[in-house]
Structure formats: structure tokens, C-alpha cells
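Please view the sequence and the structure before reading on.

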Amino acid sequence: MTDLSTEVVVVGGGSAGAVVAGRLVEADVDVVLVEAGPDYGPFVDGRWPAEILDATALATTHDWGYHSGPIPGREPWSRERARILGGCSAHNGAIAAVGHASDYDGWGLPGWSTDELRPFVAAALERMRVRTYADAEATPFHARCLDAARSAGWRIASDLCDLDANEGFGLETVNVVDGVRWNTAFAYLDPVRHSPGLRIVAETVVDRVERGASGWSVSLADRSTSAGTDDVRSITADAVILAAGVYGTPSILQRSGVGDPDRLRSVGVEPVVESPLVGANLHDHPMVNAGRELTPGLRTEIDEAVRRGFVPEEQTLGKARSSRATDGIFDLHLFPVCASAQTTLTGGRALVEVACMTPASRGQVHIASPDPSQAPHIDHGYLTDPSAHDLTVLRDGLAMAEELLGQPALAAALVPERPRDVDDEAIHRDVQHYFHPVGTTPMGTDPATSVCDHRGRVNGLDGLVVADVSLMPQIPRANTNIPAVMIGERIADLLT
Ligand SMILES: Cc1cc2nc3c(=O)[nH]c(=O)nc-3n(C[C@H](O)[C@H](O)[C@H](O)COP(=O)(O)OP(=O)(O)OC[C@H]3O[C@@H](n4cnc5c(N)ncnc54)[C@H](O)[C@@H]3O)c2cc1C
């Protein structure tokens with residue numbers, strides 16, 4: 001067994017962690033990257049599973065398996081998070097979005113204004129090989145969605161991934177290269193895999209971190225119960241960067257004694273640093289949908305297109321304003337989805353998903369035990385804001401979705417149905433997530449209302465930094481993968 005000593009340990013090789021590790025190695029920093037999931041090596045070696053590479057649909061094989069357990073009156077929640085090098089960028093929808101300039105300016109953090117972030121966003125888009133689908137690539141279903149949006153009066157947009165753009169409907173911007181979901185391991189780790197400054201320790205779960213007299217020690221979970229292929233026993237470092245994601249990062253902090261002292265004691269953890277907001281402020285874009293059965297004619301068109309080539313389920317997106325968008329900026333995503341086969345994702349139906357992009361509701365994540373093999377308690381608190389902001393935005397969005405489905409281009413290809421109920425009870429019953437949870441160790445300028453400072457440093461602990469979506473004080477109006485990559489770029493820059 002090996003005991004490693006390094007300058008920096010990065011915990012979690014996901015969307016942001018792979019970026020930080022790659023950028024630090026490029027800057028000649030010695031890095032050990034510890035990832036709970038497997039590493040299938042460089043992309044060019046061809047060992048990555050087909051399902052992980054295939055960008056036509058979400059991948060499901062490498063997941064932590066978190067879920068809510070039974071909930072009276074509705075289906076249980078699943079809480080998808082990838083467990084693989086590349087993290088969620090390796091199994092997600094590969095939709096690239098950045099939100100609106102006002103999102104980052106709204107954080108009010110030194111070094112994180114939109115203008116200061118523009119170079120990091122540009123770097124993220126370039127490395128992730130982001131591009132917008134061309135008209136000629138529109139699938140039979142999504143071509144109809146574009147026509148429907150046009151007839152419903154939407155601006156047809158080619159700037160959906162632009163910090164300065166507002167409402168519009170168009171073909172999506174994606175990090176898909178020749179049908180491959182381009183993940184951060186390909187984009188940021190492959191270029192430095194040959195470097196002696198990088199050691200990737202895969203299939204290894206970090207339990208906790210501890211500050212000693214001469215630096216940090218990183219405790220690994222009991223290897224006898226994991227499938228670890230590496231021979232590493234312990235790691236010490238000058239600094240630790242936590243990039244274990246929105247559930248993993250607060251869980252490691254809590255197991256390390258950083259959190260609300262009473263709650264920590266209640267699960268058998270001795271408090272080290274009082275930081276009550278660790279795990280609080282969990283939020284996501286809540287989502288509901290409207291949908292219809294496909295006519296046999298459209299099904300045939302799609303089947304023929306699948307035989308000819310690449311047919312993604314998701315390809316178009318609308319950004320719209322609800323009655324709650326008092327700042328004049330879009331607060332809704334409407335995105336049609338149509339499975340290319342009878343998958344469980346859409347139940348064989350065409351859906352228009354509707355997401356509230358400015359959620360006011362908050363939840364929390366908290367460890368259930370000091371044992372890292374036990375899942376944390378995760379409560380998203382969807383639609384719990386007392387002002388019913390999120391509910392109202394979704395209600396307005398559902399009406400827009402029904403209007404879109406009713407346009408001739410779509411109505412002709414879908415089986416007529418009574419438009420879905422948009423009453424509040426139905427929205428509460430059906431609300432789903434948009435896979436975008438963030439905010440569980442938020443940055444801030446006041447330690448009383450934050451967990452990390454504006455450089456991602458955990459308050460009260462020198463040499464411990466967070467670098468993932470947990471840092472977001474408020475979610476941007478965007479799918480969160482490119483923002484996660486941007487955070488990785490920004491924190492790496494602050495560290496070098
Ligand atoms: C199904 C799905 C679809 C999505 N679709 C899109 C999309 O189309 N576009 C978009 O922009 N966003 C999408 N998202 C959201 C986006 O992918 C995430 O917000 C983003 O990847 C989060 O990045 P992260 O670095 O914070 O965390 P992650 O990418 O989750 O990385 C965390 C990493 O840390 C590892 N880890 C966790 N705990 C430990 C531990 N204790 N020890 C060692 N390693 C650990 C994990 O295995 C993981 O690799 C989707 C997400 C999901 C789940």
C-alpha cells in the first residue's frame with residue numbers, strides 16, 4: 001500500500017474537479033485527483049462505455065443511486081449524480097448554457113462579476129468544444145418544434161448560449177462531438193495525462209479531511225468494502241480542493257466536523273468548525289411538463305431518421321418570461337423532448353418540459369451517519385417558498401407549453417388530447433427536477449451567511465477550498481454544466 005504526499009489533492013473528478021486538476025497540472029502544480037468512480041483512460045484509447053459516449057440520450061449506468069424513498073401521494077424522487085471520471089458531464093444531456101449576465105452580477109462577489117467571468121466562460125466553451133446545432137441537423141420532431149415556435153410568435157434564436165441574450169426559441173448549443181458527449185475528463189485531463197504532476201486515484205471514496213500541524217490529511221473510505229483498484233492507503237497535501245459535487249462536498253465537510261454543531265453531534269460527528277450553512281441553500285430548477293402521444297406518422301419519420309444517423313431526444317429550447325419576471329429577463333426554460341425509441345424517459349410521448357429558472361425555494365442535504373457508504377438525507381424543498389413564486393412561474397410556463405403543442409406544426413403530428421390541468425395540486429404532484437442542484441456550500445462576503453469566501457476558501461480553515469456547483473449562492477438561469485466548468489476555471493485561476 002502506498003502513502004501519497006502532494007501539493008494539492010482534488011477530491012472528485014467531475015465537471016468542475018477535472019477542470020481544476022487539469023488547469024493546476026498545466027500550471028506545474030503536483031496534483032492527486034481522487035475520484036469515487038472509474039477512470040476509463042484517455043478518450044483515444046476507446047475504453048469508455050458506449051452508453052457514456054452516446055449523446056442521443058442520458059446515460060444511467062454510473063450513478064450514485066440516491067433517491068428520496070417513498071413519498072405519500074407521488075412517485076419517489078431520484079437524485080441522479082454520476083460516479084465516474086468526468087462526473088455528471090459524463091452522463092448528462094450535454095446541453096451547454098451559461099445563463100444571463102445578471103445572474104453572476106447578482107452574486108455580488110469580488111472577482112465573479114459577469115465581465116470578470118467572461119474569459120473563463122469563453123475558455124469553458126472552447127475546451128468543451130461547444131457548438132450550436134445547424135438547421136440541417138434538426139430532427140423530424142424538433143424541426144416541427146421550430147415551426148411551432150415561429151407560428152406562436154417566438155423570436156427564433158441562435159444565441160441561446162449567450163450571456164447577453166434574452167427570450168427566444170431555437171436549436172440548442174451542445175458539447176457533443178461527432179455524436180459523443182464531450183466530458184471534462186476528455187477536455188481537461190486527457191491533455192495532461194502524460195504529466196508526472198498528475199496522479200489519478202480512481203474508484204476511491206474520500207471519507208473526511210483533517211488539518212494537521214504540517215498540512216492536510218485525506219482519509220479514504222474503507223477499501224475492503226469498495227471496488228478500489230488503486231493501492232493508495234493515505235494522502236497528505238498542502239491544500240485540499242473539494243469538488244465532490246452538490247451532495248458530496250457538504251457531506252465530506254460534515255463528516256470532517258464542519259457544519260452545524262448540534263446536527264453533527266446528533267449523527268455522531270464531533271464538531272471542528274461551526275458553519276451552520278453547510279448543506280443548506282440546496283436549490284434546483286423545478287420542472288413539470290405537458291405532452292402528447294406521437295402519431296404513427298411522426299413515429300415512422302423518427303425511426304427513419306434514427307436509421308440514417310444521430311437523433312438526439314432534446315434539441316430545441318425556448319427561454320421565456322413569466323408574470324413573475326419583473327426584472328424583464330427570462331425566468332423560464334421550455335424544452336421539447338421526444339425519445340427516439342420507446343424509452344421510459346418520456347414514456348414514448350412528446351413532452352414540452354417547463355422549468356422555473358429563478359427558484360426561490362430552498363432545501364438541504366445532511367449526512368445520516370459518519371459512515372461514507374451511507375447516502376445523505378437530501379431534501380430539495382421544491383415549491384416550498386411561501387410566496388409561491390416557483391409555482392406561479394411553472395403555471396405560466398405550462399400555459400405556454402400547451403400553446404406550443406397546439407400550433408399546427410406540432411398538432412398535426414401528435415394525438416389530440418385534452419390540455420393538461422395546470423392547477424396547483426397537479427403541479428405539486430408532478431413536479432420533477434431539472435438535474436441542476438446547487439448551492440450547498442455557498443460563497444459570500446459575510447461568514448454569517450456563507451460557507452466559503454469569494455475565493456472558494458472554506459471559512460475558518462486554511463488550505464481547504466471548494467470548487468464545484470456547491471459554491472453558487474444562487475443558481476444561474478442556465479443548465480449548470482458549463483457554469484460548473486467555469487467555476488473550475490475560475491478557482492484554478494485564483495489558486496495559481
Ligand atoms: C442526468 C443529468 C443530466 C444533466 N443534463 C445537463 C445538461 O444537459 N446540461 C447541463 O449544463 N447540465 C446538466 N446537468 C447538470 C450538470 O451536469 C451538473 O450541474 C454538473 O455536472 C455538476 O458539476 P460538479 O462538478 O459540481 O459535480 P459532479 O459533476 O457531480 O462531480 C462530482 C464528482 O465527485 C465525485 N465524488 C463525490 N463524492 C466523492 C467522494 N466522497 N470521494 C471521491 N469522489 C467523490 C463524483 O463521483 C463525481 O465524479 C445534468 C445532470 C444530470 C445528473
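The model is predicted, so local features need pLDDT of at least 70 and side-chain atom pairs count only at pLDDT 80 or more, while totals for chains, interfaces and linings use all residues. Residues are numbered from 1 along each chain as its sequence is written, and side-chain values use heavy atoms, leaving out hydrogens and water.

**Cysteines**

A disulfide is a covalent bond between the sulfur atoms of two cysteines. Here it is defined as a pair of cysteine sulfur atoms within 2.5 Å, and by this rule the count is zero. Cys 161 is too far for a bond, because the closest cysteine sulfur, in Cys 88, is 18 Å away. Cys 338 is likewise in no disulfide. Buried means under 20% relative accessible area, exposed over 50%, and partly exposed in between (1.4 Å probe, protein chains only).

**Strand E2**

Helices (H or I, at least four residues) and strands (E, at least two) are DSSP runs, numbered from the N terminus. In strand E2 (residues 31-34), Val 31 and Leu 33 point one way and Val 32 and Val 34 the other, and all are buried. Two strands pair if DSSP finds at least two bridges between them. E2 runs parallel to strand E1 (residues 2-11), joined by four bridges, and Val 10 stands opposite Leu 33. E2 also pairs with strand E8 (residues 198-201) in the parallel sense over four bridges, where Ile 200 is the bridge partner of Leu 33.
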